[in-house]
Structure formats: C-alpha cells, structure tokens
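Work through the exercises below with the model open. Try each task before reading its solution.

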Amino acid sequence: MNLRQKILALSVLPLVLAILAITALVTSQSTQLARASIATFEHNLLKAKESELLNLTNMAVSAIADIYQAADADDQVAKGKVQAILSALDYGPDGYFFAYDYDGVNIVHPRQPFRQGQNWLHLTDPDGNQVIYELIERAKEGGGLHQYKWEKPSTGQVADKLSFAVGLDKWRWMLGTGVYLDDVFAQTAAAEADLRRHIDTTFIIVAAITVPIVFAVFLASFLVTLRERRLADSKLKELAQRVVDTQEEERARIARELHDGISQTMVAARYMLDLAATKVRSGADDAADVIERGRQGLNNAIKEVRRISHDLRPGVLDDLGLTAALEALTDSFTERTGVAVELKSVAFKNMILPEARTALYRVAQEALTNIERHANATRIRVVITSAGNGPQMLIEDNGQGFTHQPGGRSRGLGLRNMQERMEYFGGSLEVRSTTKGTMLRARLPKSTYITQKPEAVPA
C-alpha cells in the first residue's frame, strides 16, 4: 500500500472495527437479555399450566371423593360410578381425565375408548418415554407431573403434553389429566421470531448510521490526503527551486570571488614575473624587488584559495570540533570587518553528531554574513550552551535590525535555510529583530548528543 492508502486504512479501519465491536456487543447483550426474558416467560407459562393441572385434578378428586371414601377395595358398583363421573368431566376438545390401574390397564379414556380394558404399561412415545409406567410411578409417589408426547384429539397430531397424576391407592388406580404445550411453545417461538426481527432491525439501523459515517470519514480522509499531497508537492517544488537558487547563488559568489580576487591576484603576479624576467635579461638592479612583489601576490592568491575552501567546508570543524571552527569563523569575520565578536562556548569537542555540528556552524556562518551585509553592527556576541534538552546557540548584535532593511530574496532564503537546518533535527530557530539589534537563537534536541551532556566549560 502507498502512503495515501495507509492513511485511509488507518482512518477508516479502526472506525469500522469499533462499530462492528459495539454492534456485536449490543446485539449479544440484547440477545442474552431477550432469551432470558423468553425463558422466564416460558417458565411462567409452564408454572401456570402446572397450577391449572393441580386445580383440575383436585376438582376431579373432589367430584368422586364421597363415592370413593364410602366404597371398599372391591366395590364394583362404586368403581362404575367413578368411571362414569370421570368420563363425563370434560373441559374442551383436548381436556379430559384418564385412569389406569397400577398394572397399566386402562379404566377411563373418553377421547380414545379403544384403550379401555387393554394393558398399556409399556407404551412409549416417539422419544422412547414409557408414558403410562411413568405416570403410575408419579401416582405411587403421592402425585406428580410428567411431560411426554401424545396425540392431540383436536388435530390428530402428536404434541408435547404435561400431565398430573395422583393415586387412588385403595383401588390401585392412577387418576390423571393433562394439558398440551404446543400453545406455550408457539408463544415462545413467536417471541423468538420477534427477537430475530428486532436483531435484524438493529443491524439495519446500525448499518444506516454507520455506512454514511464511514463514507464521510473516507471522503474526508481522501480530501485531506489529496490536499496534503498537493501541499507537499507544492512545498517539494518550492524546496527544489530553493536548492537550485542556493546552488546558483553559491556558484555565482564563488565565481565572483575567483574572478575579482584570485584571478586578479594571479594576473598581477604573472605581470610581476614577466617584468622580473625582462629586468633579469636586461641586468636591471631591481629585478629581485619585482620577484618579491610577485611572490607576495602568489601568497595572497594562496590565502584567498584557502579562505574560499574554508568557507565551503572548514576542515577544523571535523578535526577540532565546533568551538574551534567558530573561533576561526569569528576571527576571520573580525579580521575582515573590524567588528569584534565575543564568543563563549562549552567544550563540546565531538559530543554532538557531526551533522548537527555542521548545522550549527552553517547557521552561525549565515548569521554573520547577514550581519556583515545588512546590520551595520559594532558589537556581536555568540554564545553556545549545553541545556538540559539539547545544545543551543545564541547570536546577538547591536545593528539596525530588519526594520530598516527592505526584505530581499537572498536574506529571506538564508533565514529559511537556517530554519530548515534546525527543523531537520527536530529543533527550532527563533529570530527577534528591533531597531536596537537582532537576536537569533538556534535550538537542537538532546537526541543530537552522541554521549551524555558535557560539562559547561568556557572555550
């Protein structure tokens, strides 16, 4: 991926992931809460069914209580009356009472009369549940509930049924009734379907909110990236042009110095040597003086070459460090202009990165050049310190400042170059100018130290 794609991914991807995480969390919590509510709802319905079965069973027991209590264990007449009463107790198409003896023989079953007189002890439902045997066991235990599958009279379909059975121990009968649970499960299924609809609706709402947001973020990131890219391209072109201008200016300066300085000195030395040769051939007495003047001209040319070389890259900066290079720079400035420069510096030696030393030296060189050209100063102070957060250089003069000088192209380019040198290392350049002088402070971060911060020793 290119830089623009990475920026877009870093802008949009976290938002999408956060939205998905929030949506999943909200959906999960909502689902758990809804399912707990559905389970509670189903539990309450089953409890209501159980209470209903208990009430119905008590009603049937009350209906036959007088006959049952007055009869003995083999009273067939009483048993016949109880059979008739239980068969007549009816509460809807699917509500009836049934009775079996403890051996599994059916005694009463108003909805399925074919079962009467037959033994159904080992009858099983589709789940393998021994229905009659389990109901008889509940009755022998004093009464209880049992859930199984049984044919529903109103539909003829097998459905879940919950029955309550009690024992008539004197006759060894099991009396019971039951309710079908398909309506309970239907209501639960409806609640679950409603839950799914709510979840789907939640997803649609989240999507309706998040998709425009993601698109807006994507569009904003794209526009910002496009703007920043255009701005970066513009600055890059400007920087490239400034580099070219700086190179051309430096070449022009060197060409002027070679033409006006070294070239003129060499031409004068050549004329002196030609004149000396003529005087030697003619036997003149002052030939030695002419040769000496030619030698002095060559010495001046050599000094000029050394000065230009020093301006391009001072060897003392690499050999002896920043303080020695600044001493040579200020001494040369004082010799050339007659303006005294006060230099105070800590003993950095080689404890600053070479590139950082070069940057500070170039800033000082550019500042002194600007002072020489524009400031008309009579006093200059240069202070190099080692602060806790990195090296600093302060340059002050008592010149006329920038307010009395029209802003020229070269001067503005010089200040930009100094600022860019500091910003390259994460530092800063501060310039304050008034009619009473100019103050320039260059700061570098402590990351430009090679080792620990040196002790502040005046140079």
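Two strands pair if DSSP finds at least two bridges between them. Helices (H or I, at least four residues) and strands (E, at least two) are DSSP runs, numbered from the N terminus. This is a predicted model: local features need pLDDT of at least 70, side-chain atom pairs count only at pLDDT 80 or more, and totals for chains, interfaces and linings use all residues. Residues are numbered from 1 along each chain as its sequence is written, and side-chain values use heavy atoms, without hydrogens or water.

**Exercise 1.** Describe the hairpin of β3 and β4.

Step 1. β3 covers residues 144–151 and β4 covers 158–168; they run antiparallel, joined by eight bridges.
Step 2. K149 has D160 of β4 as its bridge partner.
Step 3. Six residues lie between the strands, and G156 in the turn has a positive phi of about 75°.
Step 4. G144, H146, Y148 and W150 make up the covered face of β3, while L145, Q147, K149 and E151 make up the uncovered one.

**Exercise 2.** Compare the span of α8 with the expected one.

Step 1. The expected span is 1.5 Å times one less than the number of residues.
Step 2. α8 (354–375) has 22 residues, for which 32 Å is expected.
Step 3. From first C-alpha to last, α8 reaches 30 Å, close to that value.
Step 4. Just after α8, N376 has a positive phi of about 55°.

**Exercise 3.** Which residues touch the most other members of the largest nonpolar core?

Step 1. Such a core joins buried (under 20% relative accessible area, 1.4 Å probe, protein chains only) Ala, Val, Leu, Ile, Met, Phe, Trp, Tyr and Cys residues through side-chain atoms within 4.5 Å.
Step 2. Among its 36 residues, the answer is L326, I371, I380, V382, M393, I395 and M422.
Step 3. α8 gives the largest share, 10 residues.

Methods:
Buried means under 20% relative accessible area, exposed over 50%, partly exposed in between (1.4 Å probe, protein chains only).
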